[in-house]
Amino acid sequence: MKAVILLSGGLDSSTTLYQALADGYECYPISFDYQQRHRKELNSAHLIAEKAGVSQHQVIKFDLTQWGGSALTDNNIDLPQERSLKEMSQDIPITYVPARNTIFLSFACAYAETMAAERVYIGVNALDYSGYPDCRPDYIQGMQEVFRLGTKQGREGNPIKIATPLIDLKKTEIIQLGNKLGVPWELTWSCYSNGDLPCGVCDSCRLRLAAFDELGLTDPVGYEVRG
């Protein structure tokens, strides 16, 4: 059994890779260099893939900075910092990259069909405070239909399944699952900045730190500021 895994190098996608391995799949991770502000995550993706013992880690390159529209693709837009969890939950944040998961899943679908893979794994999470529109169950259901209708494999009755093992989990539950699976947190990168260390104050860092703290655990990653 084969599966393509969307791997950013962060907490969620790394857990997803390890879950796919635990599910018995031969895993083909795919990462994306879209000139994002936090391109350091790609190094973590490489390290995670290597640690997990998977081969043929693909890195697809394209440039979304030519359009911008997000704090992750436009350096003139400031990253949100030191926001409370309540503030994060109020609106779709400026770190949302327009149609990013649609782009990612399209590449993954094409890659999966070339090798007759059964699944594409993506670590989306609907309970995350960020509230990204392309991380929600109705979006995944829509893309599943695209996979069915838009591929030879789907039209012949064997559509590639989009697997979302984390979609209904809290961040604390994802960490607990990752601990069970042996995810090497120290190699992961969740920060939206690109410094030598994770900043500790962006939304992603604060969500991650809050979850480790809630579990009474210490995040093994070093931070510039540990809230």
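Start with the aromatic rings: across the whole structure there are 10 aromatic pairs (Phe, Tyr and Trp rings, the six-membered one for Trp, with centres within 6.5 Å; planes under 30 degrees apart are stacked, over 60 edge-to-face, the rest tilted). Keep in mind that this is a predicted model, where local features need pLDDT of at least 70, side-chain atom pairs count only at pLDDT 80 or more, and totals for chains, interfaces and linings use all residues. Numbering runs from 1 along each chain as its sequence is written, and side-chain values use heavy atoms, without hydrogens and water.

Now select Phe62 and Phe107. Their ring centres sit 5.5 Å apart with planes at 10°, so call this pair stacked. It bridges distant parts of the chain, 45 residues apart: Phe62 is in the loop between strand E3 (58–61) and helix H3 (85–88), and Phe107 is in helix H4 (residues 100–114). (Helices are DSSP runs of H or I, at least four residues; strands are E, at least two; both are numbered from the N terminus.) Phe62 is buried at 19% relative accessibility, while Phe107 is partly exposed at 34% (buried is under 20%, exposed over 50%, partly exposed in between, with a 1.4 Å probe and protein chains only).

Next, jump to Cys191, in the loop between helices H7 (171–181) and H8 (203–214). Cys191 is buried at 0%. Beyond four places in sequence, its contacts (heavy atoms within 4.5 Å) include His38 and Cys205.

Finish on Cys205, in helix H8 and buried at 1%. Tyr223 is among its contacts beyond four places in sequence.
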